[in-house]
Each structure stands twice: as C-alpha cells, then as structure tokens.
Amino acid sequence: MKQDGIRFHHPIAFWTGCLLVLLGVLAHGPMFWMGRYTQWQMVGMPMTTDMWIGMAMIPVGLALSGWGLLPQRAAARSPSPGFEAARFFHVADGVALNRAHWTLVMVLVVALAVDVMKPATLGFVLPGMTREYGISPGHAGWLPLVALTGTTVGSVLWGRLADIFGRRAAILLSALMFMGTAICGAMPSFGWNLAMCFLMGLSAGGLLPIAFTLMAETVPAMHRGWLLVLLGGLGTSAGYLLASGAAAVLEPLFSWRILWLLGLPTGALILLLNRWVPESPRFLAHHGMTDQAHAVLARFSGNHPERGDAAHPAAPVINEQHAISSLAGLLRGRHACVTWGLLVCGVAWGLTSFGFVLWLPLNLVAMGVDASATSALLARSALIAVPGMLPAIWLYHHWSTIRSLTLFIALTGLSLIAFAAIAWLEMNSMTATTIATVALLVSSSGLIAMLIPYATEIYPVHSRGTGSGAIAAGSKFGGILGAALGVAGLFEHLALAATLLALPLLASIMLLVRHGPETRGQTLEAIQRQLVHDAAG
C-alpha cells in the first residue's frame, strides 16, 4: 500500500486485520438480533461460542493491522553523510488553500464527529441501560467514569504512537478500534459494558489530538490557526448532533444498544476515507523519508516551483533539531512552563465542564430558580455558545493566538467568580444568573476550542502528538476529578467550588502570558526557533 508518499509494511496484513475485526463484530449480530423478541433486552443471556470467537478475532485483527501499518522506513534510517545534522526540505506554507487542503479538512471533520459521537452517546444510553440491568443511578455512574478514564489514557497513548509510527497510521488504527468496540452493544451484563466502554474511550481519546496534529503539519501557516479552531468547533458540534439524532431516531426502534453498535459503520467510514488522509510531511521528513515528504507536498502545494518567485513564494525550510522526545522531557526544559500552563488550564476546564456545569442545574434550583426555568436557561445558553465560537475563531486568526487563549481563560475565571458572588451575596436575580451562565458556557467553549489547537502548534515535530495528547488528557483527567469531587459533595457548595476553580485558571494565565509563544502566522519551525531564543534569553 502506497498512498500520499508513505509505504506501509504489509497492506495485505492491514486489510486482513480489518476483515478479522469486521467478522468479529458481526459474530455478535445473531445474539443481538434475537433480542427483537424481548424488546432488545439481552441482560442475562449467555455468551455464545460465536461471540467468544468473535471477541478473540478482534484483538488479533487489531494487532495484524497495526503491524501492517508500520511504515517502511528502514532504508531512510541510513541517510547520506551530514543528513542528521540538518534536515532541509520545503513545506508549502506560503501557498493558498486549495482543493487538497479543503478535502483534508472535510475528512478530519468527519473523523472528529465520529470521535466525539462515541462518548457523547453516554448520556443517552444510561437511562435505558439502568432500566435493563436494574441498577441504581449511582452504580450506572461508573460507566462515564470508566469511559473518561479510557479517553485520558488514550490521549497520551495515541499521541505517543502518532509520534513513533505516524499520524495517518494512528488515525486508521484508532478507527479500527472504533469498529471493534461496537460489540459493547451486544454485551449481556453491565460488567462487560464497563470493560468495552473503557476500550471505547481508549480508542476515542487519541483521535482528536492526532487530527489536530496532522492538520497543523499540513495546512499553510497563514491559515493554520483559524482552520484548527474551526475543525474543533465543527467536529464537536457535528458529533453531538449525530449522537442526539441517532438517539432520537434509532433508540426507540432498537433500544440503547444500537448507539454502541453504530461504532461499526462509523469506524468503517473513516477507513474508507483513508485515501484522502495523507501522512504528515513533517513526520516523513523527520524520519528521513524526504522523497515521500516531497510527494505529499507536491499535492498540497499545487506543484509550485521549489525556489519560488514573486507570485509563488517559496515555503520555509525545516531544520528542527531537538533532544526532547518524551512527555517527561516536555515537562522540563524550554517547553516546561508552557506545558504546565496548558495542563493546569486543561484540568481546570475539565473540572468546570464535568463538575461545576453538571451540578449547576441542582445548584440553581437550590438558589430558588424554578426547575423548568433552569432547563430553559441552560438550553438557551448552550445554543448561544455555538455562534459564540465565531469570535474565538476571529480573534485566534486575526489578533493573537496566545492572547486569545488567555482572554478566554480569564473570561471563564471571571464567570466562575460571578457565580461565587451571586451565591455569597444570595442574589436572587434571574438576570445576573442568566448573564453568568451564558458567559461561562461561551467562554469555556471558546477556551477548549483553542487549547488543543494551540498545543499542536508549540511542540517539535517528533513530540507534537505526545504534547497535544497530554494536554487533551489533562482536560479529560479534570473530568474524572470533577466526577469524583461531585460525589464528594464539593459542587453542592456553589460559591466555594466556583472560587476554587478560578484559582488554577489564574495560575495558568500567569504561566502562559509569560512563557506562551505567539504562533499566529508563523511556521511551526519558526515557533521552535522562538522557543529556543526565549530559553536562551
């Protein structure tokens, strides 16, 4: 298999592995179809021999496909004399957006929508799952906690794999895991659902940072910022719409189980789109595959002349030399302060979104707001938050990336402080509550829309997947911590919780304002030179 300048180790092994995963999932179909006689309830049904065989085929298929995806770069590991001292090749950073770029954007939007759809279905499956298994809501609460843990681990794991084996290989293998974890919809017990839900989170957790990494390393520098933020906004919105739409249309017909089984066709869709998913030219160049890198660039640069002219300026030259190659390395040295700032911000965002906001309806009712009015308020605020993304995109592209990020961090912190003031002063003002709610949802949505894109821009090519994956994991770890603190009762105290959450946001602002590089309009290599210069200074 050779597509977009990179050869995989064994294409037959890859597609054979895909077939094994497909057959392994389909082996669970007869048991699910038998559920049509019991309103699709499978609780207590014994696992059939076909299901056990299918479960065994899936990991074998994943391993085989993973081996088949390994790039053939052994020859590239023996570069010509002096090649390791400096890797030079041209990247199409100075060209206009063309059909190849827009095709990549659309494919990655689809991939992100599928990625977001998987965890977004959790809220829709819980009611039906709770009724079928006869478990308490507290017991069912283990499901989102296990899923969030899986996404946290997956963000770090897949980010690292993307730095070792390639962005494209990681995306395709993640999509294959989507297909495999679809069997969660045919499991006859809650314990099996928990295990499969963890694996689902593991597969879903890594696709987001990898997609951003591939986008950042492929699109022109002058368009990189707003395209990254737009990718996150469109992919997230589409994912939630797909999840809610599937729940509204399919769940009444086939129960909550169909929402898990949709992992098979949605994962297969990403695999079918693989011909439009290139390998990152920067990844190829870093591993010595300059011919393959130029083949990708020829497609995305419109075959512009190498040296450029007045009409077609030459793209900048890559010359990245870094010793940092692990997550621990990013927490030390010149990336340390900005990494800690982004990690603290991500954790604080997770605490706010999966803790404070989830408990907000109960707190508003406790403050005297009518329950129906509370639901309407949150619905209107969420609706307003969607177009509220447009200012974030405009500021990130036209003003400043680091200032826009810190501005939305500050607005999120101020919104929390506003809630603390409302609670401390016992203000029964619907107007003040509405303003604070809208401000919190809009600012926190803009914050997360910028956080991962910014992380993909500031790390060197061989650690970009690891770094962006770690920041994504931080936001999900904040969600786990938020769920735990919610159980402990912290968010029942609105003023105290809001005040405590504002503090780490303030700390992240201090770190990022001082150490965060400006990335707007700069090539990824220029950003690294800026970090080197700042560290030396």
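Which residues in α5 meet which residues in α9? In this predicted model, L122, M129 and Y133 are the residues of α5 that meet F190, N193, C197 and M200 of α9. The residues of this contact divide into 6 nonpolar and 1 polar, with no charged residue among them.

**Packing of α5 and α9**
- Helix α5 covers residues 122–133 and helix α9 covers residues 190–216, and the two pack at an angle of about 165° with their axes 12 Å apart.
- Because angles over 145 degrees count as roughly antiparallel, α5 and α9 are described as roughly antiparallel to each other.
- The crossing in which α5 passes α9 is right-handed.

**Salt bridges**
- The structure holds 5 salt bridges, and one of them joins the side chains of R257 and E132, at 2.7 Å from N to O.
- This pair links distant parts of the chain, since R257 lies in helix α12 (residues 257–261) and E132 in helix α5, 125 residues apart.

**Confidence of the model**
- The protein chain has a mean pLDDT of 81, and 84% of its residues reach 70 or more.
- Among the elements of the chain, helix α20 (residues 401–424) has the highest mean pLDDT, 94, whereas strand β1 (residues 2–3) has the lowest, 50.
- Over residues 74–90 pLDDT stays under 50, and the model has 35 contacts beyond four places in sequence for this stretch.
- Over residues 304–324 pLDDT likewise stays under 50, and here the model has 54 contacts beyond four places in sequence.

Definitions and conventions
Residues are numbered from 1 along each chain as its sequence is written. This is a predicted model: local features need pLDDT of at least 70, side-chain atom pairs count only at pLDDT 80 or more; totals for chains, interfaces and linings use all residues. Side-chain values use heavy atoms; hydrogens and water are left out. Axes are lines fitted to C-alpha atoms, for helices over the stretch in contact, and angles run from 0 to 180 degrees between N-to-C directions. Helices (H or I, at least four residues) and strands (E, at least two) are DSSP runs, numbered from the N terminus. Angles under 35 degrees count as roughly parallel, over 145 as roughly antiparallel, 65 to 115 as roughly perpendicular and the rest as oblique. A crossing is left-handed if the near helix is turned anticlockwise from the far one by less than a right angle, and right-handed if clockwise. Contact means heavy atoms within 4.5 Å. Ala, Val, Leu, Ile, Met, Phe, Trp, Tyr, Cys and Pro count as nonpolar, Asp, Glu, Lys and Arg as charged, and the others, Gly among them, as polar. pLDDT is the predictor's confidence in each residue, from 0 to 100. A salt bridge is a side-chain nitrogen of Lys or Arg within 4 Å of a carboxyl oxygen of Asp or Glu.
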